[in-house]
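Please find below a colleague's notes on this model, to be read alongside the sequence and the coordinates.

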Amino acid sequence: MLGQAIWWSGIALEALLLVRGFQGKLLVRYPVFYAYILFVWLQSLLRISVYHSRPQLYPPVYWITEGVGILIGCGVVFEIYRVGLAAYPGTARMARNLLAFVFVMAITKAIVGTWNDPHWWMVATTMDLEHALRAVQALAIVALVVLFLFYSIPFGRNLRGVLLGYGLFIGESIVWLSLFSTGGEKFREFWSYVHPASYVVVVAVWTMHLWSYAPNPEPKRAVRLEEQYQRIAATTSRRLQEGRGYLAKVVGS
């Protein structure tokens, strides 16, 4: 009964979050985030339906939807960077390219590491993939927070809510994935309640911070972030040109 109550509370909060996002016209400002919430909402309804009607199909349905949710979650991190660094397009582009490279490497590592497992497409790969991508997402969120604090860039209420809620969700997921295989049966039983309950808290944080639209405030002092990016880009371009020139001389000789 407790598990069902937690499960349905999360579904109800997700529905409320989607309704407020539509009413407050936040869907167009955070389309990936709300697509993620919609997916999780539909996923929860599907899992409940399968769990009660065809329990034998629940494991494959769970792991397949879990894998899709992980990939959509990566898009949420990209969107956090897009919104947070909207005033600094050069820095945002560099960050997105770096994130894309790291995400691809993490996905490749997870798939290659479980290739010989007969169930690689379901349990093994999904857990390894989730652990790798959650770790990358956590590092990306920490890096963005440090960047904002270093340059005294303020967080708007909406962005702060998305970042705080998703950060809590990522942190809890990493703990769960790290201790799943070593915590024992009692730990897994205990965490089967903690995991959905913590997600209800996360959705509550999102609902409070995304009840209405709030733009990101302007920094109180000038931020030289874009200028520093331009200098780094110019230096990198010059070094690449010098390297190509040196290589051409070597090949020509």
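1. Basis. This is a predicted model, in which local features need pLDDT of at least 70 and side-chain atom pairs count only at pLDDT 80 or more, while totals for chains, interfaces and linings use all residues. Residues are numbered from 1 along each chain as its sequence is written, and side-chain values use heavy atoms, with hydrogens and water left out.

2. The largest pocket holds about 1100 Å³ of space, where a pocket is an open set of points on a 1 Å grid over the protein atoms alone at which a 1.4 Å probe fits, with protein on both sides within 12 Å along at least five of seven lines. The volume is the space filled by probe spheres set on the points, which are joined across faces, edges and corners. Its lining (residues with an atom within 4 Å of a point) numbers 38 residues, and R47, Y58, Y62, H195 and P196 lie nearest the centre.

3. Lining. Helix α7 gives the largest share of this lining, 9 residues; helices here are DSSP runs (H or I, at least four residues) numbered from the N terminus. At least two lining residues each come from α1 (2-23), α2 (31-53), α3 (58-84), α5 (120-150), α6 (157-179) and α7 (184-209).

4. H209. This residue of helix α7 has a relative accessible area of 16% and is therefore buried (under 20% relative accessible area, with a 1.4 Å probe and protein chains only). The side chain of H209 reaches the backbone oxygen of V205 at 2.9 Å, and, neighbours within four places in sequence aside, H209 is in contact (heavy atoms within 4.5 Å) with R157, N158, R160 and G161.

5. N158. Lying in helix α6, N158 is buried at 0% relative accessibility. Beyond four places in sequence, N158 is in contact with L26, Y30, H209, L210, S212, Y213 and A214, and a polar atom of the N158 side chain lies 2.7 Å from the backbone nitrogen of A214. L26 is 132 residues away along the chain, with 9.2 Å between the two C-alpha atoms.

Definitions and conventions
Buried means under 20% relative accessible area, exposed over 50%, partly exposed in between (1.4 Å probe, protein chains only). A polar contact is a pair of N or O atoms within 3.5 Å; within protein, one must be able to donate a hydrogen and the other to accept it, and residues adjacent in sequence count only if both atoms are side-chain atoms.
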